[in-house]
Amino acid sequence: MSDKNSEIKRRRTFGIVSHPDAGKTTLTEKLLLYGGAIQEAGAVKSNKIKKGATSDFMEIERQRGISVATSVMGFEYGGKKINILDTPGHQDFAEDTYRTLTAVDSVIVVIDVAKGVEAQTEKLVKVCRMRDTPIIVFINKLDREGKDAYDLLDEVESKLGLRVCPLSWPIGMGAEFKGVYNLWEKNLKLFTDSSKQKIGESIKIEDINEPEIEKHLGESDTEMLREEIELVSEVYPDFSKQKYLDGNLSPVFFGSALNNFGVQELLNCFIEIAPEPLPKQSSQDLINPYDDKFSGFIFKIHANMDPKHRDRLAFLKIVSGEFKRNTNYYHVRQGKNLKFSNPTAFMASKKSVVEIAYPGDIVGLHDSGNFRIGDTLTEGGAFEFKGIPSFSPEHFRFINNADPLKAKQLNKGIDQLMDEGVAQLFTLVSNNRKIIGTVGALQYEVIQYRLEHEYTAKCSYENYAAFKACWIESSNEEQLEEFKKLKYRYLAKDKFDRLVFLADSSFSLTMAQEKFNDITFHLKSEF
Ligand code: G4P
């Protein structure tokens, strides 16, 4: 195998998703410890917005700093090059997480044993399932009292729609937590206070009926474990790597990230089963990672924290070929060539200039305003990657210029913030007024603050009562024209000039769907 091909083959690019506080940051940190990428606990900063910080903009700025540093964390483990893509936990930044999920080849979902499946986890898993992304589940905080393992797995199946297959099984929980039996590596891992923060030894147990096991667990726990393992094998399907890779079966591990318990088991299994870089659909063909020609797409843009330097960092996911420094690549949307003298690679929280990068890798490109989320770079090919849809926002407000002398700055600021994907801009067809749509209310404050501090522009907002934004499509021209006439006041254009219906209520959307049955109303911008 060529060097290039073996480099591609050993890459594993994934994201960790969870509801805030389930333990995503802690797990990330423990994974990096195994990879030797960091030396001590506490090195990875949580990028969550602390409760009550809604109006604390220094906090938001600080978080932006952290989230650049932890956007991508690369490390080596077991001969594999692993890239963890960080996703913001705060639900107001869910859109950012959705986009990051377009750049991963698999995900690990973290669930708090006491809280079970929470709202944010449900939303994020739904997005993963739209693309059949392979999912591993890690049930965390077993050192605390929580839900019964079977109930929890039922909840994962019913709320997340995943078919599960436990690959480890807990022995007790909370104060009575004794450890886990690892069905994947067939060993027993005991939890003792002394194993805290250390990488503990495991005891090989090929068969759950071996008498050896009683020496470690005592009679009654052994009996309970044997019964439970038998039940597990009756209730849940056997593990199948293919089903996992197809997104049809999710292995489950139990542990405690904080105590570094069950994490290595998860990681060992992950590097065995997680997918290598996958082909990606473009506007022309399916692009294979092993193709000779380079291609990639931008899934995230970060503005510079220093207002004096307006450049931004665009995150490029490499899909095929090799990406090289100082080489001309074709920016498909703009139809021009660009080359990059300082592309950045991410190893743990360190950044360094990269000479060459492979499919699966993420490279940071310094950008003075050329990129928009979703842009494709190629080695000449004129195709574009699909699959970074915008979802209908939940909140809508008119944005007004509050300083007439700064109209130019305001427009530029809005444009750039929208390119970064901070929020979505809609322009009403009837009067050209601008509406900002967001996933969470926090974004309005972020936009106002950043417009003022980075673009010296002032804005004010005014409520706009919309329920959902629907991208509309129809092959029935007549009906479309009739719809446009009737709903003229509610029509807007998104930033790509696509027609959007801003339904004012769930009722009016249903009515419109019934009346105009040849029109499809999409709640996302790509269909
Ligand atoms: P997040 O990124 O998913 O939001 O979660 P994070 O890792 O920040 O963890 C949230 C809280 O849960 C943290 O406590 C963390 O220490 C705790 N935690 C994570 N894993 C475990 C575990 O296995 N067992 C127990 N008992 N707790 C766990 P915190 O008090 O909110 O923050 P901190 O002050 O400890 O950082």
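Where is aspartate 497 found? Aspartate 497 is in the loop between S29 and S30, with helices (H or I, at least four residues) and strands (E, at least two) taken as DSSP runs and numbered from the N terminus. This is a predicted model, in which local features need pLDDT of at least 70 and side-chain atom pairs count only at pLDDT 80 or more, while totals for chains, interfaces and linings use all residues. Residues are numbered from 1 along each chain as its sequence is written, and side-chain values use heavy atoms, with hydrogens and water left out.

Aspartate 497 has a positive phi of about 70° although it is not a glycine. Most residues other than glycine have a negative phi. Aspartate 497 is also exposed, at a relative accessible area of 56%; buried means under 20% relative accessible area, exposed over 50%, and partly exposed in between (1.4 Å probe, protein chains only).

Threonine 456 also has a positive phi, near 50°, and is a residue other than glycine. Look for threonine 456 in the loop between helix H12 (442–455) and strand S27 (459–463). With a relative accessible area of 45%, threonine 456 is partly exposed.

**Around the ligand**

Now for the ligand. There are 17 residues around it, and Asp21, Lys24, Thr25, Thr26 and Ser256 come nearest; a residue is near if one of its heavy atoms lies within 4 Å. By type, the shell splits into 4 nonpolar, 7 polar and 6 charged residues. Here Ala, Val, Leu, Ile, Met, Phe, Trp, Tyr, Cys and Pro count as nonpolar, Asp, Glu, Lys and Arg as charged, and the others, Gly among them, as polar. Helix H2 (residues 24–34) gives the largest share of the shell, 3 residues.

A few polar contacts (pairs of N or O atoms within 3.5 Å) are worth a look:

| Residue | Protein atom | Distance to a ligand oxygen atom |
|---|---|---|
| threonine 26 | polar side-chain atom | 2.5 Å |
| asparagine 140 | polar side-chain atom | 3.1 Å |
| alanine 257 | backbone N or O atom | 3.2 Å |

On its own the ligand has 700 Å² of accessible area, and the protein covers 68% of that. Accessible areas come from the Shrake-Rupley method with a 1.4 Å probe; for residues, only the protein chains shown count as cover.

**Rings and charges**

Searching the whole structure turns up 26 aromatic pairs. Rings of Phe, Tyr and Trp (its six-membered ring) pair if their centres lie within 6.5 Å; planes under 30 degrees apart count as stacked, over 60 as edge-to-face and the rest as tilted. Take phenylalanine 396 and phenylalanine 426: their ring centres are 6.3 Å apart and their planes sit at 40°, so this pair is tilted. The pair links distant parts of the chain, with phenylalanine 396 in strand S24 (residues 395–401) and phenylalanine 426 in strand S25 (residues 424–428), 30 residues apart. Both phenylalanine 396 and phenylalanine 426 are buried.

Tyrosine 490 and phenylalanine 501 make an edge-to-face pair, because their planes are at 85°, with ring centres 6.5 Å apart. Tyrosine 490 sits in the loop between helix H13 (477–486) and strand S29 (491–493), and phenylalanine 501 belongs to strand S30 (residues 499–503), 11 residues apart. Tyrosine 490 counts as buried at 18% relative accessibility, and phenylalanine 501 is buried at 1%. Elsewhere, ring pairs link Phe294, Phe323, Tyr329, Phe340 and Phe371 into a cluster.

Charges turn up over rings too, which here takes NZ of Lys or CZ of Arg within 6 Å of the ring centre and within 35 degrees of the ring normal. The charged end of arginine 397 sits over the ring of tyrosine 461, 5.7 Å from its centre. Lysine 468 lies over the face of phenylalanine 467, at 4.8 Å from the ring centre.

Helix H10 (residues 263–273) is largely enclosed by the rest of the structure, because 10 of its 11 residues are buried. Among them are Leu266, Leu267, Phe270 and Ile271.

Leucine 162 is in the loop between helix H6 (149–160) and strand S6 (164–166), and is buried at a relative accessible area of 4%. Leucine 162 and asparagine 248 are 86 residues apart in sequence, yet 7.2 Å apart in space, C-alpha to C-alpha. Lysine 241, in helix H9 (residues 241–245), is partly exposed at 40% relative accessibility. The C-alpha atoms of lysine 241 and proline 134 are separated by 9.9 Å, with the two residues 107 apart along the chain.

Methods
A polar contact is a pair of N or O atoms within 3.5 Å; within protein, one must be able to donate a hydrogen and the other to accept it, and residues adjacent in sequence count only if both atoms are side-chain atoms.
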